Amino acid sequence: MWRMAGQCDCEHPQHLPAHVVGDDPTYEASVIWLSQQARTILSMDTPMPDVSLMAKLRLALTNSGFAPRGGFDSDAIAVALNLRFGAAFLSSLGIPAKVRTAAGTRWPGRLLGSTAVRGERTPDVLRSLLLTGLVSDGIDGLWGLPREAKARSVPVPRGYGTRRQLGRDLLSVADIEAALRASEGRITVAALRLGVSPSNLAVDMQRQGIRLPLPTVTAKRLGPKLIAAVQGALRAGTPKVEIQKSLGISEWSVQLIELDSPTLRDAHREATIELQRGDHREAILLHRRLHPSAGRSELMSDCTAAFDWLRSFDGKWLEENLPKPKRARNNGRGVRKDWHKADRDCVALVQAAMRAELEKKGRPTRLTATRLLSAAGALTKRPSLLPLTVAETDRCSESQDAFLRRKIAWALNEYLKRHVPISMNQLRRAAGLPPDRLKQHADYIVETATALGLTFDARCALSPL
């Protein structure tokens, strides 16, 4: 299903956006990247290269270390895909969980096999694009991909919050320092000179590591105890929103304290990352203590946030503390099913179903092939595996005419209990058949009724007189 990578300007858009601005940055970047590849492919007017793109992709993956022993390491590729695109994005594309998480699968080798390289088979385009993202910036880069692919970058956790895009150019260090000197260190006056808000100026100073001593008035108003408490909370990784609520301090005052000590910003981020790491590790360990028999899939389902974070930024610890993969005891081929015996058993069940129908005293129901196969449990099996069952089903199933005769015979036997002559109205009710059907079998009705010793009402249309 195609979805938009941005918000449509229509009053009533027909398609929802694939993401909204401010969502998970990894998810948003992945959506934009995939949309760019689609645009590149659809607008490409360059002739196809002489060398197969699948061959280039296979070579690039090999050169990047994904085929250490000649065959593709699908586990390493799965980890790299999750690090590059994120589990949420892969899941939204319908990529199965076994591709993203299962160990021991060999799907990359099947995807990029010799038939795909020779052009005899078209591989899965979506998965091929995702694999391209591991070794190149895009599909256009694969067109002239060098022999050695670039090294993969290791993701780094962002810490508390996300880095928002400014939507403007960052002020230069020279301009900021000149404005601060001209305003004698007053940030509000410097911001007025630069034509920006004090908050924007403070953000630019933080990002460029420029120190601004805490104003004397602000230091006196807050007091040394409150300032020390804010600094300690920042170094401990406490979220800034909680600092403001618990200490009763404004966001601007916290920002001024950070500007007074530029190292506080990095210390806060590192402490936040360590807190996140500890919380996620504790969630995994607690789940293992509460559910010692749970497998990896259950752990991933119950602790999704912790599992995704640790897999992205602390994969070694996660792998060491995950449950061992559950492997089958018998690694060889399973016992072959005895289809000949199963065929004979199904034949017996078909015959039993036929006898049960013919011997019942209630109103007859037709013996169809579907009904008999269903009674034998062979309806979903391949016919070639059960030839005897198919033959017996063909023999035991009833045609429409045979079923009507059996139904009429049952109705006439019911008539014996009434001790009254046969009338068209009473017979159609007993047989559950319309009069025209009864007239089509008039000779059979007369023959059967005579054998049973029944008589006909003189006004009955079926009467032989």
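The face of helix α14 turned away from its buried side carries the exposed residues Pro224 and Lys225, where exposed means over 50% relative accessible area, buried under 20% and partly exposed in between (1.4 Å probe, protein chains only). Helices here are DSSP runs of H or I with at least four residues, numbered from the N terminus. The model is a predicted one, in which local features need pLDDT of at least 70 and side-chain atom pairs count only at pLDDT 80 or more, while totals for chains, interfaces and linings use all residues. Residues are numbered from 1 along each chain as its sequence is written, and side-chain values use heavy atoms, with hydrogens and water left out.

Helix α14 covers residues 224-235, and its 12 residues should span 16 Å at 1.5 Å a residue; the expected span is 1.5 Å times one less than the number of residues. Buried in α14 are Ile227, Val230, Gln231, Ala233 and Leu234. Seen down the helix axis, these buried residues fall within an arc of 165 degrees, so they line one face of α14; the arc is taken from the directions from the helix axis to the C-beta atoms. An α-helix has 3.6 residues a turn, so residues three or four places apart point the same way. The buried residues of α14 pack against α13 (216-222), α15 (240-247), α16 (251-260) and α17 (263-290), contact meaning heavy atoms within 4.5 Å. Just after α14, Gly237 takes a positive phi of about 85 degrees.

Turning to charged pairs, a search of the whole structure finds 18 salt bridges, each a side-chain nitrogen of Lys or Arg within 4 Å of a carboxyl oxygen of Asp or Glu. Glu357, buried with a relative accessible area of 3%, takes part in a salt bridge with Lys360, their closest N and O atoms being 3.2 Å apart. Lys360 is partly exposed, at 32% relative accessibility. Glu357 also forms a salt bridge with Arg371, where the closest N and O atoms are 2.8 Å apart. This pair links distant parts of the chain, with Glu357 in helix α21 (residues 339-359) and Arg371 in helix α22 (residues 369-375), 14 residues apart. Arg371 counts as partly exposed, at 33% relative accessibility.

Another salt bridge joins Glu414 and Lys417, with closest N and O atoms 3.4 Å apart. Glu414 is partly exposed at 23% relative accessibility, whereas Lys417 is exposed, with a relative accessible area of 61%.

Terms used:
Helix = DSSP H or I, 4+ residues; strand = E, 2+ residues; numbered from the N terminus.
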